[in-house]
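Welcome, and please get your viewer ready for a short walk around some aromatic rings. Keep the selection tool at hand, and follow the stops in order.

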Amino acid sequence: MPPRTLFDIGSLDLSRVIYGPDVIRTINPQRFEMEHLDAIVHCDPPTGQIVGYKDVKADEFWIPGHIPGRPLLPGVIMVESAAQLSSFYTKYVVKVPGFIGFGGIENCKFRMQVQPGQRLYLLGQYKWYRHHRICSEIQGLIDGQIAFDATIIGAELG
């Protein structure tokens with residue numbers, strides 16, 4: 001049986017951007033070729049759910065080398081996108097101050113290829129914040145199919 005999504009996004013308006021790059025930049029410090037979160041389309045603090053996306057563009061820095069003639073979004077960039085979504089939620093909603101660093105990844109599985117021209121939706125489910133650590137479950141979806149899933153651990157670094 002294929003894995004299920006973290007939550008049902010069927011009723012969400014995925015075309016309605018609620019936080020775009022300008023707001024994301026006020027929260028997340030990544031810039032230029034390391035910005036891998038293009039928009040937030042859903043944020044529901046009572047449930048801990050957030051949905052954003054990364055548009056995989058044909059001119060990204062990794063295209064020439066990964067894989068020549070058949071560019072595939074590197075898994076580390078998928079994970080970075082997930083970490084940026086989790087960081088945005090942690091700082092914007094949970095109000096954890098200071099810098100949130102990447103503290104770890106657990107149970108990561110890549111389930112399908114992601115290519116230029118595709119929109120990678122990122123579903124996040126906030127789990128906990130304790131002892132200066134933050135945990136979120138994340139899934140990346142392409143056309144409704146799970147491309148990857150992982151548990152992202154963030155670290156409050158001040």
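A residue is called buried when its relative accessible area is under 20%, exposed when over 50%, and partly exposed in between. Keep in mind as you look around that this is a predicted model.

Over the whole structure, a search turns up 6 aromatic pairs. Start by selecting Tyr 19 and Tyr 92, which form an edge-to-face pair with 4.9 Å centre to centre and 65 degrees between the planes. Tyr 19 belongs to the segment before α1 (21-27), while Tyr 92 is in helix α2 (residues 75-92); the pair links distant parts of the chain, 73 residues apart.

Is Tyr 19 buried or exposed? Its relative accessible area is 19%, so Tyr 19 is buried. Tyr 92, at 28% relative accessibility, is partly exposed.

Next, select Tyr 89 and Tyr 126. Their ring centres are 5.5 Å apart and their planes meet at 35 degrees, so this pair is tilted. Because Tyr 89 lies in helix α2 and Tyr 126 in strand β4 (residues 119-130), the pair ties together parts that are 37 residues apart in sequence. Tyr 89 is buried at 3% relative accessibility, and Tyr 126 is partly exposed at 21%.

For the last stop, pick Trp 128 and Arg 130. Here Arg 130 lies over the face of Trp 128, 3.9 Å from the ring centre.

How values were computed: Residues are numbered from 1 along each chain as its sequence is written. This is a predicted model: local features need pLDDT of at least 70, side-chain atom pairs count only at pLDDT 80 or more; totals for chains, interfaces and linings use all residues. Side-chain values use heavy atoms; hydrogens and water are left out. Rings of Phe, Tyr and Trp (its six-membered ring) pair if their centres lie within 6.5 Å; planes under 30 degrees apart count as stacked, over 60 as edge-to-face and the rest as tilted. Helices (H or I, at least four residues) and strands (E, at least two) are DSSP runs, numbered from the N terminus. Buried means under 20% relative accessible area, exposed over 50%, partly exposed in between (1.4 Å probe, protein chains only). A charge sits over a ring if NZ of Lys or CZ of Arg is within 6 Å of the ring centre and within 35 degrees of the ring normal.
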